[in-house]
Amino acid sequence: MSEKSWLPGTLKRLYRQHTAVLSFVLIGVVVVTVGAFVIRDLRRASQETWEMHLELLGGLDRIAELEYQTQEARRSMLYSLTTHDANLQVQYADESQSADKRVAELLEEHLRLAKSSDAVEMGRVFERDWEAYLKIRDSVVGSILEGNVQEAVQRDLGEGVPAFNRIRDDLQQIHELYKRQSEGRMALVRAAFNQSLVKLGVVLALTILFAALAARQVQRGQMLGSVQRSETRLREVIESINEGMFVLDRNGRLEMWNGAAERSSGQPRNGVVGLPLSEALPQLAQTEVPGAIEESVREGRALVLDEVSFSGEQAQRSLEFRIFPMDGGATVFFNDVTERKKAKEALLYEKHLLRTLMDNVPDPIHFKDSAGRFTRVNSAQARFLGADQPIKAIGKTNFDFFSSEDAQQAVAEEEQIMGSGQALEGKEEKLTWPDGRETWVSAAKMPLRDLQGKIIGTFGILHDITKSKQAEEELRTALQMKSDFVSFATHQLRTPLAGIKWLLELAQQEEGIPEEPTSLIQDARESAQRLIDMVNNLLDVSRLESGKLKIVPRETNLAKLTQTVLKDVSLLIQKSGHRVSVDVSEAMPPVMADTELLSQVVMNLVSNAVKYTPPGGKIAIRMSQKDGWVEWSVEDSGIGIPKASQARLFEKFFRAENVHKVETEGTGLGLCLVRLILERSGGRIWCESKENEGSTFCFTLPSGAVTVTARDAGPALTGGQPHKLELA
Amino acid sequence: MASDQKRVLLVEDDKFLRRACEKSLRQQGFNVATAVDGEEALRAIQAEPPDLILLDILMPKVTGTEVLRALKSDERTRAIPVLILTNSSKESDVREIEKLGVAGYRVKANLSLEELGTEVRHLLEG
């Protein structure tokens with residue numbers, strides 16, 4: 001739009017808003033002015049007409065008066081001639097003179113007032129004829145007065161009448177003259193009037209024209225008004241949108257720059273409007289935008305640039321440009337799509353992650369609709385189903401791949417999952433393929449919900465556990481075999497051992513055997529017993545490890561149990577010359593343990609302390625309780641345990657490096673058995689030791705009513721009598 | 001001896017154990033009969049029910065468990081006390097034997113002949 005920039009804003013607005021009113025005012029002024037002129041002309045013409053009329057009337061009056069006076073004068077004069085009454089004669093003479101006088105006056109007035117030279121001329125003619133007539137009349141009157149009537153009559157007839165007729169002709173002529181003059185004047189007036197009418201017509205025509213123009217102007221004004229309103233609205237819309245917008249005119253200069261563009265670019269409108277784009281926004285010049293605008297304008301089609309990278313003040317930004325060619329220029333919308341781009345990239349990345357997962361995870365993953373049809377499967381699932389591509393599984397169901405029994409089972413599961421909304425996790429199932437092959441899978445199947453949370457199917461992930469199932473089976477078999485072997489071996493070993501033991505016992509009972517063989521038999525018995533104990537220990541360890549040995553925890557008085565054990569080994573202690581102290585804190589609660597097994601524990605620990613302490617050592621046994629636990633410890637002043645050996649002390653068949661200093665017997669099963677018993681009873685054991693200074697073995701057990709895996713097996717069934725523990 | 005009249009049936013497949021055990025019990029004054037397997041044991045019991053049965057478990061032909069089951073299912077033999085003498089400590093055996101009901105369960109390797117005599121005497125007198 002072209003702007004009337006010279007108009008101050010308010011006037012501009014007034015002009016825009018009141019064009020119609022102003023037009024009417026203008027037309028009014030013109031009509032009134034022209035009308036005034038016309039009326040003035042008309043008034044003037046009519047005034048002149050009126051004046052001329054008056055003048056004419058005056059002239060004609062005067063002529064008529066002159067005529068009348070002359071007639072009067074002549075009549076009076078004739079009367080005076082015809083009468084014989086002196087008085088009347090005098091009267092008539094006076095009247096004649098008076099009329100004459102009046103004629104003279106009128107003539108004088110006429111001459112004074114006569115406008116045209118003709119009238120003056122005719123006046124002079126009349127004056128002259130009048131005077132000639134007066135002379136004749138005077139002579140006629142003289143003749144009469146002399147009594148010479150005959151002569152007077154003759155003179156009057158001969159001279160007076162013609163002279164009078166001349167006067168009358170003169171008057172007639174003057175009258176004609178006035179008439180003519182009046183007609184001329186009237187023509188002039190008519191002409192003037194006609195002229196005025198023409199003027200009026202012109203004025204009317206102009207008025208109509210102006211009115212038409214004004215109406216048009218009004219219409220245009222209204223149109224302009226509505227255009228203006230819609231433009232205002234458009235501007236408001238443009239200002240209110242969050243999208244940056246600018247308009248380039250056909251010269252490539254910025255014509256419009258909306259608020260969003262200001263905010264987005266930081267460039268105020270005043271700073272950029274009127275400038276070429278490259279100057280207004282130099283950053284843009286580096287991008288593909290100017291080229292695109294040029295192309296859009298040249299080819300007359302809209303162009304969209306999805307992502308234009310833009311170096312902002314803080315960071316790289318991405319803008320979207322939409323270019324619409326318009327009127328040789330272009331309208332350009334732009335939007336900061338940095339966040340959108342980021343979100344899009346994040347979404348793409350998410351998709352990428354999902355795809356990567358789906359394509360590469362070795363576990364089959366599938367999505368199914370509510371009818372059990374595969375809607376999406378990953379590569380692993382496709383391979384699992386025997387399809388070379390995931391797409392080949394889409395739309396199919398388990399019935400297409402598995403035995404109908406398995407497929408039916410899957411349908412039931414899926415219905416349950418969809419019905420309850422609960423996932424099915426860690427379910428191990430065996431699938432049978434049509435060729436009879438069996439596959440074990442660990443399946444997690446979950447309800448698939450749409451975005452609104454409505455359940456629309458299921459999805460699942462399978463883990464092929466066929467191999468681990470096989471391995472498990474093998475392991476189970478192996479464990480069973482081991483267990484069976486241990487049982488078998490134990491039995492097989494214990495039977496001949498029992499034979500040796502019993503036969504030696506019988507042999508020793510024989511009478512009359514010399515002392516030497518008796519002592520040999522005793523050694524053989526002890527040796528056999530050691531072997532039996534070792535087999536028993538081995539069996540116990542094996543059964544504790546496999547969980548086959550049932551532990552029957554009961555409330556057990558640990559202090560009393562310790563005393564019993566000490567009594568059992570009192571001979572050993574006496575022989576070694578150790579000083580043994582027992583320190584029991586007051587109000588010791590009972591411990592929860594299998595009494596017989598706990599006896600083995602205490603026996604093992606005490607006899608170890610006795611054995612691995614050089615004669616005359618100190619052994620201190622202590623018992624205390626704390627927070628529901630009972631702690632038992634035995635401290636010796638023995639050879640100690642090398643640091644390197646401490647960590648493995650409780651392992652099966654492990655023996656510390658320095659045990660040989662004391663003796664060579666022992667199987668390395670004792671402490672392992674102790675540990676296993678304590679651990680199975682809910683307690684634990686540890687050791688603190690310094691080589692050549694001594695060792696302390698401590699264990700804890702739950703006190704009071706705390707129970708561990710109790711079973712209803714009787715005490716007689718846990719392996720027979722209390723084992724005679726190996727002391728090495 | 002009071003137990004002279006009382007008969008003990010020793011069922012043991014291992015000949016050394018059988019010999020040692022039989023000899024020791026005789027020495028201790030018991031009237032001992034022997035059977036080498038479950039089959040023979042059942043025949044012997046049917047023929048002449050003993051007052052106490054010392055029963056091994058792992059035996060050929062008919063196992064001790066089967067013998068015990070047969071005894072417990074027979075009205076005439078149900079009341080005879082049975083002392084299990086075995087070297088096995090298999091939990092499954094133990095459970096079934098316990099269910100059927102026995103006078104005792106001893107591991108032979110952990111038992112001396114002297115202790116066995118004491119136990120037998122105790123069972124016959126009790």
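Helix α13 (residues 404-420) of chain A lies across β6 (365-369), β8, β9 and β10 of chain A, and runs at about 30° to β9(A). Helices (H or I, at least four residues) and strands (E, at least two) are DSSP runs numbered from the N terminus, and angles, from 0 to 180 degrees, are taken between the N-to-C directions of lines fitted to C-alpha atoms, for helices over the stretch in contact, where contact means C-beta atoms, placed from the backbone, within 7 Å. This is a predicted model, in which local features need pLDDT of at least 70 and side-chain atom pairs count only at pLDDT 80 or more, while totals for chains, interfaces and linings use all residues. Residues are numbered from 1 along each chain as its sequence is written, and chains are lettered from A and ligands numbered from 1 in the order in which they are written.

In chain A, five strands form an open antiparallel sheet in the order β7-β6-β10-β9-β8, two strands being paired if DSSP finds at least two bridges between them. Because β7 (374-377) and β8 (424-432) of chain A each have a single partner strand, they stand at the edges with one side lacking a neighbour in the sheet. From one strand to the next, the twist averages 30°. Within this sheet, nine bridges join β9 (residues 438-449) and β10 (residues 455-464) of chain A in the antiparallel sense, and A:A443 stands opposite A:L462 in β10(A).

Elsewhere, strand β12 (residues 579-584) of chain A runs parallel to β14 (residues 618-626) of chain A, joined by six bridges, with A:D583 partnered by A:R622 in β14(A).

Notes
Two residues are in contact if their C-beta atoms, placed from the backbone, lie within 7 Å.
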